[in-house]
Each structure stands twice: as structure tokens, then as C-alpha cells.
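I opened a notebook page for this chain.

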Amino acid sequence: LPGFRPTMLAYYAGMQALGERLMQGLALSLDLAEDHFDGYGIEPLSTLRLLHYPPRQPDAPSNELGAGAHSDWGAITLLMQDDVGGLQVYDNKDQSWIHAEPVAGAFVVNLGDAMARWTNDLYKSTLHRVVNTSGRERYSVPFFYDGAPDYEIACIPTCLSPGEQPKYTPTTVEGHIMEMYGKTYG
């Protein structure tokens, strides 16, 4: 399509910059230096996807989903969605699904498994799914901010309570992603 490539490349670059900025905020929230995660964004494995969810048919089984329950593997996911809705986030406390109603001009920001691993689950990854019951076509554009393949993902010591041990073994971004592939597609 005319203009598609430059538009998508510009959007990707904008999302990469936003991801870097959010990582600075996450570092500060963990009482770390603002530049703590700067190496994560050097030649990252980030991915931009353009997703389409057709409307669910009225006679479809109640367990038919556009995307099943999952968490994202990287540090953060930035999601632009249309006004149709369908994204649901799991509420652990109430053990129920909450509709993430679209907000015009806003992004949904999900924390991923890498952030949970760094923080020893102080920051948990977001379990979510998509159920398009609107009767309309649904479109979303997730940007998965996944870092440099050789960047280390190891428990941040300040995230541990006194006497607490890390739940996860240290690895790299590439090792973490390969581990997630193994768990998912084993």
C-alpha cells in the first residue's frame, strides 16, 4: 500500500522510544538509576503486530476466544486498540475477567514476564485475553518491547524482601524468550 512502509517504520520507532521512556520510569519506581535498563533497548527484539479479530458468531461456543489467556514474554507491551473493545484482564483477587474498555488516544500498557522475572514477581505480568463479542471487526496494534538478545534478566536485589531468595535463575533476553517458547510450544 502506498505510504504503508514509512508509516509503520515511523510508528515502530515511536513505540521503541516510548518503551525506552517507560523503562526509565520503571527503573525509578524500583529505586534504581533512571538509566538502569538503557542497555535493554540496544538492538532489541521488539515486535510490532497488526491484529484483526473477526466478530464472534452468535452461535459460537462461550469458550471461543480471539486470543486465549496469556501473558506477554518481554518487559512491556504497548497496545493501541480501536473502539470495539474485547481486551480482558484477569483480576487475581476476584478471580474474574475485567473488560479493558478502549480509551480514545490512550495505550494499554501491560507488564510482561521479563519484568516479573527482574522483580521476583513484585511487578507481575498481566494475564489477558481477547473476546470479541461486539458483532464488529476488531483491530489492535500491539508493540512488544523485547530487549537486546544478550541483555541479562536477573533478579534485582532491591526487589527481594529480607531473607527472600530469587524465584528465577538468571538468563538473557534470548534465553528467556527461548524458555517461553519451550513452555508454550514444548
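**Entry 1: the core.** Which residues have the most contacts inside the largest nonpolar core? I keep in mind that the model is predicted. I looked up the largest nonpolar core and found 28 residues in it. Those with the most contacts inside it are Met23, Phe37, Tyr40, Met115, Trp118, Tyr151 and Ile156. At least two residues each come from α1 (4–29), β4 (76–81), α2 (113–118), β9 (138–145) and α3 (173–185). The largest share is that of α1, with 5 residues.

I noted a general point here: in soluble globular proteins, nonpolar side chains tend to be buried together.

**Entry 2: Met23.** What does Met23 touch, leaving out residues up to four places away in sequence? I listed Phe37, Tyr40, Ala75, Ile76, Met115, Trp118 and Tyr145.

**Entry 3: the fold.** How many helices and strands does the protein chain have? I read off 3 helices and 11 strands. From the N terminus, I wrote the order as α-β-β-β-β-β-β-β-α-β-β-β-β-α. Next I checked the radius of gyration, which is 18 Å. The globule rule gives 16 Å for 186 residues, and the two values are close, so the chain is as compact as a globular protein of that length. Along its principal axes, the C-alpha trace spans about 55 × 45 × 35 Å.

I also looked at contact range. I took contacts between residues at least 6 apart in sequence; of these, 79% join residues at least 24 apart.

Entry 4: What percentage of the 186 residues is buried? I found 41%. The protein chain exposes about 10,700 Å². Carbon and sulfur atoms supply 56% of that area. I counted charged side chains next: 12 are positive and 23 are negative. The centres of the two sets lie 6 Å apart.

**Entry 5: Asp150.** Is Asp150 buried or exposed? Its relative accessibility is 64%, and the cut-off for exposed is over 50%, so Asp150 counts as exposed. I located Asp150 in the loop between β9 and β10 (152–153). I also took one distance from Asp150.

Notes: Residues numbered from 1 in each chain as written. Predicted model: local features only at pLDDT ≥ 70, side-chain atom pairs only at ≥ 80, totals over all residues. Heavy atoms only, no water. Core = buried A, V, L, I, M, F, W, Y, C linked by side-chain atoms within 4.5 Å. Buried < 20%, exposed > 50% of the residue type's maximum accessible area, 1.4 Å probe, protein only. Helix = DSSP H or I, 4+ residues; strand = E, 2+ residues; numbered from the N terminus. Contact = heavy atoms within 4.5 Å. Rg over C-alpha atoms; globule rule 2.2 N^0.38 Å. Areas by Shrake-Rupley, 256 points an atom, 1.4 Å probe, with all protein chains shown as cover. Lys, Arg positive; Asp, Glu negative; His and termini not counted. Charge placed at Lys NZ, Arg CZ, Asp CG, Glu CD.
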